[in-house]
Amino acid sequence: MKFLKTFSIFTMVLGLCVAVQAQNQKMVLLEEFTNASCNPCASQNPDFNTLIDANSTKVVALKWQTDWPGYDPFYENNPAEIGARISYYPNINGYPTTAMNGSVPGDAYGGGIGGWDVAGGGYAGGPYGFNQAVIDNEYGVTTPITMTIDHTISDDATNINVTLDITNTSSSPFSLGNGKVHILLVEEVVTFPTAPGSNGETDFHDVVIKMLTGSSGAAMPTLAAGETHSINLSEAMPGYVYDYREIKVAAFVQDDTDKMVYQSTKSEVKPLPAGGNYTDLSIEKSTTPPSSYCNGEITPTVFISNEGDNTITSFEARYI
């Protein structure tokens with residue numbers, strides 16, 4: 001990891017003065033590539049989520065639900081953008097794998113403080129290899145920029161407004177060779193009554209729903225010393241959001257040249273507007289599987305509830 005710290009030394013008659021540029025702690029961006037039909041994902045995610053939750057003030061977590069090895073409803077909702085992010089990291093060849101601030105850590109990270117044991121048969125970036133020492137070590141990295149983000153949801157939950165401020169707190173210009181700003185719509189927890197894929201997972205955390213600045217991100221301009229770059233977005237809420245009550249946003253600055261993430265941030269989940277005028281239709285299935293393969297008949301049953309404030313007079317249901 002690069003430590004973006006520079007200093008100037010001035011020899012003076014009365015002694016030595018050292019001027020250090022303003023530095024900020026870098027939030028730890030964890031991007032996990034996972035899948036609802038991946039058995040190793042189901043076995044590793046619970047402990048990984050526990051570690052992330054214990055470090056909520058240090059970590060920005062993003063879960064990219066992928067297309068392999070089997071069905072994943074989140075991927076099916078947004079295959080183009082998720083597919084672009086999968087291709088962005090060429091050294092991620094299987095799932096689950098996690099990139100940390102743009103790199104996939106392995107045995108050499110931090111002098112061997114992680115638990116990947118690639119030499120012994122493990123693999124780099126596996127969620128199982130992350131521990132508190134890794135999080136603390138990465139959180140100790142500094143950066144010249146700070147980021148703050150906030151969001152509001154419209155009364156009818158059809159629109160989301162995002163405000164992001166990126167500030168260069170150092171005394172020198174901040175410039176990246178090919179810097180991008182990514183702003184993402186995230187659902188903190190999505191819970192299904194039964195597993196949507198084949199690995200048994202029903203709870204999904206920090207799921208990326210939409211890339212609000214597109215799969216390529218927005219250009220990151222050069223910031224003069226002390227300068228702030230602000231982005232204000234107003235975007236339509238995707239129709240495939242699972243739970244409006246779990247919506248938050250995240251953002252990060254990354255250099256496409258070397259993949260390094262220079263800073264990241266997130267907003268918190270907020271209550272929906274009081275007295276809002278939104279439609280929220282939920283569906284729950286309850287189907288008893290056949291008693292044997294020879295008795296292949298089932299009777300599907302679904303329960304549909306209106307969780308919003310609007311009266312729903314009709315809806316369309318499709319089965320797959």
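**Exercise 1.** Determine how much space lies in the second largest pocket and which residues line it.

*Solution.* Step 1: the second largest pocket holds about 210 Å³ of space. A pocket is an open set of points on a 1 Å grid over the protein atoms alone, where a 1.4 Å probe fits, with protein on both sides within 12 Å along at least five of seven lines. The volume is the space filled by probe spheres set on the points, which are joined across faces, edges and corners.

Step 1: the lining has 15 residues, and S56, E188, D206, K248 and K266 are the closest to the centre; a lining residue has an atom within 4 Å of a point. The model is predicted, so local features need pLDDT of at least 70 and side-chain atom pairs pLDDT 80 or more, whereas totals for chains, interfaces and linings use all residues. Residues are numbered from 1 along each chain as its sequence is written, and side-chain values use heavy atoms, without hydrogens and water.

Step 2: two or more lining residues come from each of α1, β5 (59-65), β10 (179-191), β11 (203-211) and β14. Strand β5 gives the most, with 3 residues. Helices (H or I, at least four residues) and strands (E, at least two) are DSSP runs, numbered from the N terminus.

Step 3: the lining divides into 6 nonpolar, 3 polar and 6 charged residues. Here Ala, Val, Leu, Ile, Met, Phe, Trp, Tyr, Cys and Pro count as nonpolar, Asp, Glu, Lys and Arg as charged, and the others, Gly among them, as polar.

**Exercise 2.** Describe how strands β14 and β15 pair, and state where K259 lies.

*Solution.* Step 1: β14 (residues 247-255) and β15 pair in the antiparallel sense over 5 bridges; pairing requires that DSSP finds at least two bridges. F252 stands opposite S264 in β15.

Step 1: the hairpin has 5 residues between its strands, and K259 takes a positive phi near 70 degrees there. The charged end of K259 sits over the ring of Y88, 3.7 Å from its centre. This requires NZ of Lys or CZ of Arg within 6 Å of the ring centre and within 35 degrees of the ring normal.

Step 2: in β15 (residues 261-266), 5 of the 6 residues are buried, so the strand is largely enclosed by the rest of the structure. Buried means under 20% relative accessible area, exposed over 50%, and partly exposed in between (1.4 Å probe, protein chains only).

**Exercise 3.** Classify the aromatic pair of F33 and Y89, and explain which parts the pair ties together.

*Solution.* Step 1: the whole structure contains 12 aromatic pairs. Rings of Phe, Tyr and Trp (its six-membered ring) pair if their centres lie within 6.5 Å; planes under 30 degrees apart are stacked, over 60 edge-to-face and the rest tilted.

Step 1: F33 and Y89 are 6.0 Å apart centre to centre, with 80 degrees between the planes, and the pair is edge-to-face. F33 belongs to strand β4 (residues 28-34) and Y89 to the loop between α3 (79-88) and β6 (97-100), so the pair ties together parts 56 residues apart in sequence. F33 and Y89 are buried.

**Exercise 4.** Which value does phi take in N101, and where is N101 found?

*Solution.* Step 1: phi of N101 is near 50 degrees, a positive value in a residue other than glycine. Step 2: N101 lies in the loop between β6 and α4 and is buried, with a relative accessible area of 0%.
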